[in-house]
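Subject: Structure handover

Hello,

Please find the structure below. My notes on it follow.

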Amino acid sequence: MSLGSDDVKSIAHLARLEIDEKNIEEHAKTLSSIIGLVEEMNAVDTTGIKPMAHPMDISQRLRADEVLEENQRELFQKVAPETKDGLYLVPQVIE
Amino acid sequence: MEWETVIGLEIHAQLRTKSKIFSSASTAFGAAPNTQACAVDLGLPGVLPVVNAEAIRMATKFGLATNSEVCKHSVFARKNYFYPDLPKGYQISQMELPIVGVGSIDIDLEDGTKKTIGITRAHLEEDAGKSLHEDYQGMTGIDLNRAGTPLLEIVSEPDMRSAKEAVAYMKKIHSLVQYLEICDGNMAEGSFRCDANVSVRPKGQKEYGTRAELKNINSFRFVERAINLEVERQIEEIEDGRKVVQETRLYDADKHETRSMRSKEEANDYRYFPDPDLLPVVLDDVYLEEVRKTLPELPAEKSTRFVNDLGLSEYDAGILTTSRELADFFEAVINESVEAKLTANWIIGDVSARLNKEDLSITDCPVSVIHLAGMLKRIEDNTISGKIAKDVFDGMWKGEGDADTVIEKKGLKQITDNSAIEAIIDEVISNSPNQLEQYRSGKDKLFGYFVGQVMKASQGKANPAQVNTILKDKLK
């Protein structure tokens with residue numbers, strides 16, 4: 001399977017990546033070769049093997065339900081481009 | 001053409017944990033903006049989510065209570081989309097292996113019958129933050145306190161056939177999650193909200209019609225209205241020769257309309273994949289058994305017990321068990337050795353009516369269990385009639401003391417002395433010669449008139465049963 005330039009554009013849009021029009025063909029080629037590798041792996045017979053959700057075969061450790069975090073708003077908001085009344089301000093989104 | 005409505009609901013129940021699902025920040029409602037949004041909630045680089053054990057336990061409780069399959073191996077996945085209230089660029093949710101699988105719940109229909117609604121699944125996920133669009137001149141304000149709050153999304157099968165059934169189902173789940181103490185059910189604060197998938201099809205047709213999704217409905221009344229409105233709209237579309245498009249619509253309660261949320265219909269492509277930051281959650285039989293032991297008596301079991309052991313009607317038992325608090329109140333009153341049916345009538349009748357009128361819940365009832373029980377005992381021992389009890393109840397509601405105090409103060413004690421009642425009756429009869437003549441010449445209906453007059457003359461205090469007997473005798 002190989003990706004066309006429309007696929008690349010749509011993947012870039014979904015990931016909110018800006019890509020240069022002149023590089024699209026190159027991206028299509030590299031991405032296609034990754035898919036090619038996956039296709040190659042498909043040749044391995046995996047009948048009866050349970051898919052893993054994580055490469056490590058261990059299970060999640062759980063945390064006790066306790067509030068341990070303190071308010072660090074001032075610290076976090078130092079790196080925010082803009083804040084007001086304790087809110088992070090972002091370009092207007094209206095849906 | 002006759003149309004059939006098909007509805008499926010996705011209910012978001014906010015779990016009552018103290019801390020968030022993947023971080024140790026507080027979930028308390030109403031804090032100043034962003035004071036409860038920690039590095040994990042903000043999606044800062046290098047942070048790792050760690051699953052809250054309590055969220056897992058609560059989801060398990062729900063699964064067990066709905067006879068659903070609780071998955072011993074569940075996986076968290078990333079749902080990718082960009083919106084500023086979701087700083088990571090993805091929401092941690094569950095896709096292929098949710099914690100709760102197929103189950104069901106019975107709902108009560110208006111005609112008294114039951115209907116089983118299938119539960120497709122229930123999965124854990126994190127809530128997003130809040131966007132504030134006003135007052136920031138061309139900017140949007142973001143409060144991430146809510147980001148990372150644990151949600152249980154309960155997805156139903158498209159088994160409901162009317163807005164009323166959808167409401168009945170939503171109420172059932174609402175009551176259940178509160179019984180289980182996994183969600184506070186506060187709809188005004190958004191702890192319990194729902195999306196409705198609605199479609200119509202010609203009656204008899206097997207295939208489903210194209211559905212629209214109504215977003216974020218946060219009251220029972222709005223669910224019913226929004227669905228009915230959407231059904232009307234879809235039928236009109238089809239009958240006018242247009243097509244229903246699959247889309248997300250928003251119900252506007254003020255304008256009483258649903259409208260499309262997206263101008264350009266762009267198919268969502270969330271590109272779910274297992275979250276590499278989180279390992280599979282593995283539960284074993286010992287754990288499930290432990291959780292099962294903590295399940296409270298559920299509404300359906302409680303209701304059956306009320307019918308079988310206390311002799312209540314199914315209707316009364318159903319109403320009393322709609323909320324755990326109401327059922328607890330009822331049981332507390334009968335534990336003061338008051339008869340169950342009398343107690344049920346009062347709680348379902350006068351108590352609930354007054355609470356509704358003043359917009360209070362049973363836990364805020366100004367009349368205590370002890371005071372209500374005390375009054376009901378005075379009805380049982382004939383000190384007051386049921387009618388006079390309404391005045392006593394009103395007095396207790398207004399804080400005038402317990403039943404005996406109110407009865408004493410207002411002189412409401414029932415007249416049970418035969419001779420006193422006879423005297424009142426004699427006077428009423430002698431004041432109504434015309435009615436007496438008509439009655440004696442066969443106009444039986446006038447009996448009610450005499451009863452009314454006697455009750456009026458005794459200011460409602462004459463014992464009604466005695467009045468009936470003596471009056472019948474005297475009118476002969």
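First, a term: buried means under 20% relative accessible area, exposed means over 50%, and partly exposed lies in between (1.4 Å probe, protein chains only). By that scale Ile107(B) is buried, at 0% relative accessibility.

Two notes on conventions. This is a predicted model, where local features need pLDDT of at least 70 and side-chain atom pairs count only at pLDDT 80 or more, while totals for chains, interfaces and linings use all residues. Residues are numbered from 1 along each chain as its sequence is written, chains are lettered from A and ligands numbered from 1 in the order in which they are written, and side-chain values use heavy atoms, with hydrogens and water left out.

**Around Ile107(B)**

Ile107(B) belongs to strand β5 (residues 103-108) of chain B. Helices (H or I, at least four residues) and strands (E, at least two) are DSSP runs, numbered from the N terminus. What does Ile107(B) touch, not counting residues up to four places away in sequence? The list is Thr113(B), Lys114(B), Lys115(B), Ile117(B), Glu165(B), Ala168(B), Tyr169(B) and Lys172(B). Contact here means heavy atoms within 4.5 Å. Glu165(B) is 58 residues from Ile107(B) along the chain, with 7.9 Å between their C-alpha atoms.

**The interface**

The size of an interface is often given as the accessible area lost when the parts come together. Buried area is that loss, with a 1.4 Å probe, summed over both parts. Between chain A and chain B the area buried is about 3,900 Å². Carbon and sulfur atoms give 60% of this area. Chain A brings 35 residues to the contact and chain B brings 53 residues.

How many residue pairs are in polar contact between chain A and chain B? The count is 22, with both residues at pLDDT 80 or more. A polar contact is a pair of N or O atoms within 3.5 Å; within protein, one must be able to donate a hydrogen and the other to accept it, and residues adjacent in sequence count only if both atoms are side-chain atoms. On the side of chain A that touches chain B, α1 (5-14), α3 (73-77) and β2 (87-91) of chain A each supply at least two residues. β2(A) gives the most to that side, with five residues. The count of salt bridges between chain A and chain B is zero.

**Salt bridges**

The structure holds 43 salt bridges over all chains. The rule is a side-chain nitrogen of Lys or Arg within 4 Å of a carboxyl oxygen of Asp or Glu.

- Arg378(B) pairs with Asp404(B), the closest N and O atoms being 2.6 Å apart. Arg378(B) lies in helix α10 (residues 369-380) of chain B and Asp404(B) in helix α12 (residues 403-410) of chain B, so the pair ties together parts that are 26 residues apart in sequence. Arg378(B) is partly exposed at 23%, and Asp404(B) is partly exposed at 37%.
- Glu297(B) meets Arg305(B) at 2.8 Å, N to O. Glu297(B) is partly exposed at 27%, and Arg305(B) is partly exposed at 26%.
- Lys215(B) bridges to Glu213(B), with 3.5 Å between the closest N and O atoms. Lys215(B) is partly exposed at 27%, whereas Glu213(B) is buried at 17%.
- Glu230(B), Arg233(B), Glu247(B) and Arg249(B) are linked in a salt-bridge network.

**Aromatic rings**

Rings of Phe, Tyr and Trp (its six-membered ring) pair if their centres lie within 6.5 Å; planes under 30 degrees apart count as stacked, over 60 as edge-to-face and the rest as tilted. This gives 10 aromatic pairs over all chains. One of them, Tyr449(B) with Phe450(B), is edge-to-face, at 5.3 Å centre to centre and 75° between the planes.

**Backbone**

Most residues other than glycine have a negative phi. Glu181(B) has a positive phi, near 55°. Glu181(B) sits in the loop between α3 (163-179) and β10 (192-202) of chain B. Asn216(B) also has a positive phi, about 50°. Asn216(B) is in strand β11 (residues 212-217) of chain B and is partly exposed at 47%.

Best wishes

Methods:
Buried area is the accessible area (1.4 Å probe) that two parts lose on being put together, summed over both.
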